[in-house]
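Here is a quick tour of one model, with a sheet and a couple of helices as the stops. Have the viewer open and follow along.

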Amino acid sequence: MDISSAQIKAEALEHDISVFELFSIGVGPSSSHTVGPMRATNRFISELIDSGNFNRVDRVHIDLYGSLAATGAGHGTMSAAIKGLAGFVPETINIGEAEQLMANNSVDGVLPLAGYASANFAGGAPASTEKLIYGPVVTYKESDITLRPLTILPRHTNGIKVAAWSGEKLLLERTYFSIGGGFIIEENEEATGGSSLENPPYPFGSGAELLDMANSSGLSIAALKMQNELSVRSEEEIREGILHIYQVMRECVGSSLSRIGYLPGALKVRCRAAQWHRDLVSEDPQKSPEYALDWVNLIALAVNEENAFGGRIVTAPTNGASGIIPAVLHYAMNYTDGIRGCGQAKREQVVVDFFLAAASVGALYKKRASISGAEVGCQGEVGTASSMAAAGLAQVMGASNEQIENAAEIAMEHNLGLTCDPVGGLVQIPCIERNAMAAAKAINAVKMALRGDGEHRVSLDQVIETMRQTGEDMSTRYKETSMGGLAVNVVEC
């Protein structure tokens, strides 16, 4: 039997998660360990300003808990937290300015609070990168952050506590949790799963409801999701926003293909995307179907190498799984009948429909389980992305709603139990190759679903619930702590 609707959070029945939250522009290497902490400390500064105590601050301190502390060094967590205090936000961060801040800070320890942003902080318009020093300057460095890897706070393993003082007087203290995909919640804040579409016309809380609503209304999965998005934005804004996300993904690939040498860190992992690209252009100038999987592998590899470099990335739905959807979308645009060679307007519609269908499935994982590797292992990141990509590809290949749901289910079913065991705490091994493998699984899941009529024994709701339960049962060693699996069996250097 399918999961009872009584098990779904009440807010999930009334709200929906926007495509622009599941796909957000940020920086690498991790949505939960880099993007989330930057947003958390930036939000703290915003709350400090709102409290009226901002200009009284002469000391700050950060504590990192659980997985953030255990693998923070490899994920750039401490640096991201410092940058958030300085006013940077993931969506608009000027990477050159941010790295210069960190270089200067490592020498003199000087940290200008909110010094690299306007007064628009988290929750409002993205902060600009114009340097406007108008707040206090304190002395604080990465090395001053307290790491507590063995302390797991009650709500989530990714905990971050931030405090500000004036002398011995505590002005403000907040605890945040980075719950995956760059989403953050405060300690006493209700976890709504990131729901931002509060009054959508089709408030689905399960895969079964999604199918029922789509079929009864005569809409495709993508068209239903578009109707929900229209509750807060115009169609033009939605289309432009999605096409911009797609463009950033393509720019990410282009940036990666210019890199040579080794990825950052002690593992000395060689950059492969640029050489693979040169080889493929030479071997396959006409984009023959024979080479389709090679190109899928390349796109996934390129995106995740750029992520490892800390470059500009799109969470999809997390940074660690950010290569899967671009790779599968590349397959859709170049190797599927009716899309390859079609006009610009048709190709743009394909992109929009792909993202909308993928986001519909991603919202279910976010509401009903988790997309955090630190909470449920890599099945929650790579598995979810593979399932989302399968839904998107099935949608644009003309699948029925039942076939779309089937493709999404197949992709996750064969990622169940996937552990998160990054070697050296770096988002490199096994993360980069794992994206390519999961992209191939998504494509194969669609091929299998399209051979059927949509009827299948295991539902998407059942596989999501199985993923959630598997994550609960999984040893903490395999949840982004680098304390088990490949992380302890592969010598770092």
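## Ground rules

Buried means under 20% relative accessible area, exposed means over 50%, and partly exposed lies in between (1.4 Å probe, protein chains only). Helices (H or I, at least four residues) and strands (E, at least two) are DSSP runs, numbered from the N terminus.

This is a predicted model, where local features need pLDDT of at least 70, side-chain atom pairs count only at pLDDT 80 or more, and totals for chains, interfaces and linings use all residues. Residues are numbered from 1 along each chain as its sequence is written, and side-chain values use heavy atoms, leaving out hydrogens and water.

Gly310 follows H12, with a positive phi near 80 degrees.

H16 (382–396) has 15 residues, so at 1.5 Å a residue it should span 21 Å, and its end C-alpha atoms agree at 21 Å. Here 15 of 15 residues are buried. After H16 comes Gly398, whose phi is positive, near 85 degrees.

## The sheet

Five strands make an open, mixed sheet ordered E5-E2-E6-E7-E8 (strands pair if DSSP finds at least two bridges between them). E5 (146–148) and E8 (183–186) are at the edges with a single partner strand each, so one side of each has no neighbour in the sheet.

Inside it, E2 (59–66) and E6 (158–166) pair antiparallel over eight bridges. Leu64 has Ile160 in E6 as its bridge partner.

Conventions
The expected span of a helix is 1.5 Å times one less than its number of residues.
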